[in-house]
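Thanks, everyone. I have one structure to walk through today, in two parts. Please look at the model first.

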Amino acid sequence: MNPRIMEVNTMRKEYDFSKGKLNPYVKKLRKQISIRVDIDTINFFKKQAEVTGIAYQNLINLYLSDCATHSKQINITWK
């Protein structure tokens with residue numbers, strides 16, 4: 001028999017995390033939400049997805065992230 005197959009690792013009772021690092025991607029975590037989006041808006045991003053090769057949900061997220069990063073103000077004009 002192969003000796004590597006017979007080797008079994010056992011878990012330690014305690015581990016030392018004192019030299020551990022914080023997750024560098026914690027700011028990139030995502031949360032799934034449900035929102036209502038106009039069909040025309042979804043179709044716009046789906047067309048952009050075909051051109052760019054990026055999934056339309058990711059494009060929407062990228063656009064919203066850009067708005068948040070650059071503190072873009074919403075300009076709404078009611079007619």
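**Pocket and rings**

Let's start with the largest pocket. Its lining is made up of 14 residues, and Ile33, Ile35, Gln57, Ile60 and Asn61 are the ones nearest its centre. Keep in mind that this is a predicted model. The space in that pocket comes to about 460 Å³.

Which helix gives the largest share of the lining? That is helix α3, residues 56–69, with 6 residues. By class, the lining of the largest pocket splits into 7 nonpolar, 5 polar and 2 charged residues.

Now the aromatics. The count is 3 aromatic pairs. Take Phe44 and Phe45. Their ring centres are 5.3 Å apart, and the planes meet at 85 degrees. The cut-off for edge-to-face is over 60 degrees, so the Phe44 and Phe45 pair is edge-to-face. You need both numbers here: a pair of aromatic rings is described by the distance of the centres and the angle of the planes.

Phe45 has a relative accessible area of 13%. Buried means under 20%, so Phe45 is buried.

The picture goes beyond that pair.

Lys46 sits over the face of Tyr56. The distance from the ring centre of Tyr56 is 5.1 Å.

That's my last slide. Over to you.

Note on methods:
Residues numbered from 1 in each chain as written. Predicted model: local features only at pLDDT ≥ 70, side-chain atom pairs only at ≥ 80, totals over all residues. Heavy atoms only, no water. Phe/Tyr/Trp six-rings, centres within 6.5 Å; stacked < 30°, edge-to-face > 60°. Buried < 20%, exposed > 50% of the residue type's maximum accessible area, 1.4 Å probe, protein only. Lys NZ or Arg CZ within 6 Å of the ring centre and 35° of its normal. 1 Å grid on protein atoms, 1.4 Å probe; cavity = no way out; pocket = protein on both sides within 12 Å on 5 of 7 lines; lining within 4 Å. Points joined across faces, edges and corners; volume = space filled by probe spheres on them. Helix = DSSP H or I, 4+ residues; strand = E, 2+ residues; numbered from the N terminus. Nonpolar A, V, L, I, M, F, W, Y, C, P; charged D, E, K, R; others polar.
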